[in-house]
Amino acid sequence: MHRYLLILFCLLSSPLIAQINNPEYKQTLDSLYKQTVPLITIDEFIKIDKYNLHILDTREEDEFMVSHIKNARHVGNFWFDMRKVYDIRKNSTVIVYCSVGIRSEKIGEKLIAAGYKNVFNLYGGIFEWVNQGHPVYKQNGVQTAEIHTYDKNWDRWAERGTKVN
């Protein structure tokens with residue numbers, strides 16, 4: 001029952017109500033997403049039941065090493081392999097994210113095609129996570145202000161943190 005309420009909550013939530021302060025960034029995100037994976041806002045993600053939750057970072061390893069969301073598992077994008085998620089049950093809640101949500105949407109599509117039932121793409125990605133003041137961590141578990149901004153074309157969307165690319 002809880003799983004169905006979560007799905008209903010996320011499906012009824014719209015990117016139009018997301019708490020993204022930069023309208024240009026929001027417009028960019030909305031134009032880039034194909035909407036093939038349900039979106040989950042930062043606020044929804046924070047409130048979600050952490051039981052049976054898996055957070056997957058779909059960026060490349062060098063990005064993940066700079067910083068990531070606490071308890072995220074690096075699965076990558078270019079070299080993504082379903083064997084990296086073999087231990088996650090198909091009915092688990094899975095949140096995928098990358099810098100802004102494009103690469104994570106592609107990995108989310110693969111997870112859904114493989115039979116995962118509760119996959120959500122973090123709206124705005126780690127950039128929006130940091131923009132809203134949430135912490136990120138290095139591999140050793142130490143909190144950091146650094147955020148990998150993928151490249152110079154994308155770093156304008158990371159409004160907070162120390163930019164690394």
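**Entry 1: the sheet**

I began with strand 2 (residues 53-57) and strand 4 (residues 93-97) of this predicted model, and found that they run parallel and are joined by five bridges.

Widening the view, I found an open sheet of five strands in the order 1-5-4-2-3, with parallel pairing. Strand 1 (39-40) and strand 3 (72-74) are at the edges with a single partner strand each, so one side of each has no neighbour in the sheet. Strand 1 is joined to strand 5 by two bridges, and there isoleucine 40 has leucine 122 as its bridge partner. Four bridges link strand 4 to strand 5, where valine 96 is partnered with asparagine 121.

**Entry 2: the source of the values**

I noted that residues are numbered from 1 along each chain as its sequence is written, and that side-chain values use heavy atoms, with hydrogens and water left out. As the model is predicted, local features need pLDDT of at least 70 and side-chain atom pairs count only at pLDDT 80 or more, while totals for chains, interfaces and linings use all residues.

**Entry 3: burial of strand 5**

Five of its five residues are buried, so strand 5 is largely enclosed by the rest of the structure. Asn118, Phe120 and Leu122 point one way from the strand, whereas Val119 and Asn121 point the other way. For the protein chain of 165 residues, I recorded that 48% count as buried.

**Entry 4: the nonpolar cores**

Next I looked for nonpolar cores, meaning sets of buried Ala, Val, Leu, Ile, Met, Phe, Trp, Tyr and Cys residues joined through side-chain atoms within 4.5 Å. The largest has 28 residues, and Phe45, Ile95, Leu122, Ile126 and Phe127 touch the most other members. The elements that give two or more residues to this core include helix 2 (23-32), helix 3 (42-47), strand 5 (118-122) and helix 6 (125-131). Helix 6 gives the most, with four residues. Apart from this core lies another of twelve residues, among them Val37, Leu56, Val96 and Tyr116.

**Entry 5: serine 104**

I then turned to serine 104, which has its place in helix 5 (residues 102-113) and is buried, with a relative accessible area of 0%. Leaving out residues up to four places away in sequence, serine 104 touches Thr58, Val96, Tyr97, Cys98 and Asn121, where contact means heavy atoms within 4.5 Å.

**Entry 6: the lining of the largest pocket**

Last, I asked which residues lie nearest the centre of the largest pocket. They are Lys50, Leu53, Ile55, Lys70 and Asn71, from a lining of 14 residues. A pocket here is an open set of points on a 1 Å grid over the protein atoms alone, where a 1.4 Å probe fits, with protein on both sides within 12 Å along at least five of seven lines, and lining residues have an atom within 4 Å of a point. Strand 2 gives the most to this lining, with four residues.

Technical notes: Two strands pair if DSSP finds at least two bridges between them. Buried means under 20% relative accessible area, exposed over 50%, partly exposed in between (1.4 Å probe, protein chains only).
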